[in-house]
Amino acid sequence: MQLCGVTTGVVRVTNVDDVTVIATESLSKRFPRVTALDRLSLDVGPGVTGLVGANGAGKSTMIKILLGLSPASEGRAEVLGLDVATKGAAIRERVGYMPEHDCLPPDVSATEFVVHMARMSGLPPTAARERTADTLRHVGLYEERYRPIGGYSTGMKQRVKLAQALVHDPQLVFLDEPTNGLDPVGRDDMLGLIRRIYTDFGISVLVTSHLLGELERTCDHVVVIDGGKLLRSSSTTDFTQTTTTLAVEVTDTDEHPDGTRAVREALHARGVEVLDSTGGLPGAGHILLLTAQGEETYDVVRDVVADLGLGLVRMEQRRHHISEVFTSADASDEQQRKEAVGHGG
Amino acid sequence: MAVEHPVAAPSGDQTRIHNIGYRSYDGPRLGRSYATRSLYSQSLRGAYGLGRSVKSKVLPMLLFVVMCVPAAIMVAVAVATKAKDLPVDYTRYAIIMQAVISLYVASQAPQSVSRDLRFKTVPLYFSRPIETADYVRAKYAALASAMFILTAAPLIVLYVGALLAKLDFADQTKGFGQGLVSVALLSLLFAGIGLVIASVTPRRGFGIAAVIAVMTISYGAVSTLQAIADAQGSTSAIPWIGLFSPVTLIDGLQSAFLGASSAFPGAVGPGNGEGVVYVLAVLGLIAACYGLLLRRYKKVGL
């Protein structure tokens with residue numbers, strides 16, 4: 001409530017800056033047959049935070065607990081400084097939620113639906129109308145907002161779902177798999193929108209996905225959970241520093257009929273390791289994958305390609321799939337275990 | 001107030017922002033009870049198709065007209081023939097029109113709750129300040145109010161007509177009051193039964209069929225058994241049999257306490273002792289319906 005008097009998004013952001021938005025302490029949720037969350041301790045600051053995990057990793061369970069709708073079996077959690085066990089209603093007044101599944105009645109228009117949802121969040125009728133018009137415009141719905149939702153495309157429906165989560169100007173939104181079912185362009189639009197929710201609107205975001213790649217681009221901080229356990233929690237800059245892989249593609253010339261091989265050899269000569277990239281896919285042989293050791297790697301690639309007189313078609317950062325995080329985590333676990341055994345023996 | 005932000009390179013026509021910055025909201029947030037009232041009024045309007053498509057207005061409006069027309073005709077006859085009394089008691093009217101009332105509750109109860117289940121809108125409600133009990137109360141109150149409007153409107157027509165025909169004022173007012181109490185109980189009872197059945201299924205069709213089945217089958221069975229009991233001369237069993245269908249429950253209750261003449265065979269209504277059982281049964285059923293709805297929505301959650 002102490003933030004209510006603050007008017008502009010920007011001021012609010014600085015106010016919230018040193019506050020922990022979400023904090024959990026050995027949070028567990030056990031169902032009769034499965035353990036959905038296993039002693040999870042987290043601290044999430046303001047900004048866009050990604051919650052990544054495979055299907056069934058406990059992401060949705062976590063959101064339910066944070067909304068105060070499902071009691072934790074063990075441990076505690078706070079959202080915006082409010083205890084989820086006792087202050088559920090107060091939390092839900094300040095938080096928005098976009099579910100993973102369809103949740104829109106097809107026979108009403110987006111405007112009517114979002115106005116109703118705004119009133120359900122406690123906004124007076126006039127404010128509900130104004131905020132609805134604003135919010136729908138911000139998520140990119142214009143004339144079509146007066147038509148029944150039944151005729152919308154998946155992308156438009158996702159925007160309506162997002163609008164109903166934002167219409168009451170929450171301090172934090174939970175977005176559960178917002179890019180599900182969208183085509184690549186729709187995905188990029190949605191990710192851009194999510195980024196703007198924090199940068200332009202000043203609303204902190206917790207977004208879940210099973211794709212680490214797309215969250216890396218959007219989030220300030222990524223939390224990876226698997227089987228209800230915390231696998232990794234770090235800012236995205238850490239992530240990219242440790243995991244950047246470069247993909248390089250070059251043209252062939254008369255002088256170097258196989259440009260790719262020429263570059264590979266030249267890079268090898270200069271001490272840059274080229275990963276085995278064939279992978280059996282057609283065309284994969286034309287793309288070189290190499291680990292970037294830092295800024296200088298980019299320069300080396302540029303110089304090598306220029307010296308050979310080849311054209312540089314692409315040089316891009318490759319994003320890792322969630323599975324790679326899992327495998328690397330497993331590998332380090334293995335190593336620790338071996339060390340432990342070694343010490344024990 | 002608005003913070004202007006430079007537009008980022010537009011990534012497509014749809015996501016372009018026309019440089020009107022985001023405005024945060026710092027007005028009042030009216031909280032739980034306001035949200036519950038909003039849900040109540042939205043559901044009540046929805047029960048007559050208001051704020052919904054033209055198609056969904058047809059049936060409730062039609063049933064409303066069908067409920068009122070006979071009352072208007074009776075009034076016209078009473079005025080024209082200068083009758084000493086209305087052709088039908090206030091308390092009797094709803095019993096005569098029970099088919100229309102059942103049809104209304106069968107069509108609108110699923111409309112009210114099955115839609116939210118089917119399109120999974122329920123989680124959106126519960127991610128907001130309202131609690132399960134608020135949702136149930138708002139939905140229950142809305143349908144009961146809608147049914148009260150449906151059943152009380154013809155009584156008002158009768159009452160106004162009776163006064164126009166210069167029938168005895170005290171007499172008519174007493175009858176009208178008894179009629180209102182009776183249809184209020186009927187509305188609560190029917191709405192509760194309808195909602196409990198409809199909240200079990202996300203399919204509207206099933207909901208409609210199930211409500212109609214429960215209403216008509218129970219009434220059919222009870223009145224058949226009552227007729228058999230009457231034919232065999234065991235008149236004392238008739239009131240007890242009447243406890244097993246919603247319509248006869250209301251009928252029995254009002255003939256015991258609200259001065260109505262019973263529609264039971266041989267016009268054998270329950271006496272005062274049996275009447276208490278009727279009252280307990282009606283109130284118990286209403287409470288049970290509310291309890292069942294609460295239990296049901298505890299499970300639905302997110």
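The model is predicted. Chain B has eleven helices and zero strands, and 43% of its 302 residues are buried.

**Chain B overall**
- Along the sequence, chain B reads α-α-α-α-α-α-α-α-α-α-α.
- The C-alpha trace of chain B spans about 85 × 45 × 30 Å along its principal axes.

**Helices H6 and H7 of chain B**
- Helix H6 of chain B covers residues 132-164 and helix H7 of chain B covers residues 169-198; their axes come within 8 Å and cross at roughly 155°.
- Angles over 145 degrees count as roughly antiparallel, and H6(B) and H7(B) are therefore roughly antiparallel to each other.
- The crossing of H6(B) and H7(B) is right-handed.
- The contact of H6(B) with H7(B) involves 20 nonpolar residues, six polar residues and one charged residue.

**Helix H11 of chain A**
- Helix H11 of chain A has 14 residues, 295-308, which should span 20 Å at 1.5 Å a residue; the end C-alpha atoms are 21 Å apart, in agreement with this.
- Val301(A), Val304(A) and Val305(A) are buried in H11(A).
- An α-helix has 3.6 residues a turn, so residues three or four places apart point the same way.
- On the face of H11(A) turned away from its buried side, the exposed residues are Glu295(A), Glu296(A), Asp299(A), Asp303(A), Ala306(A) and Asp307(A).

Notes
Residues numbered from 1 in each chain as written. Chains lettered and ligands numbered in written order. Predicted model: local features only at pLDDT ≥ 70, side-chain atom pairs only at ≥ 80, totals over all residues. Axes fitted to C-alpha atoms, helices over the stretch in contact; angles between N-to-C directions. Helix = DSSP H or I, 4+ residues; strand = E, 2+ residues; numbered from the N terminus. Parallel < 35°, antiparallel > 145°, perpendicular 65-115°, else oblique. Left-handed = near helix turned anticlockwise from the far one by under 90°. Nonpolar A, V, L, I, M, F, W, Y, C, P; charged D, E, K, R; others polar. Expected span 1.5 Å × (residues − 1). Buried ≥ 20, exposed ≤ 12 C-beta atoms within 10 Å, placed from the backbone.
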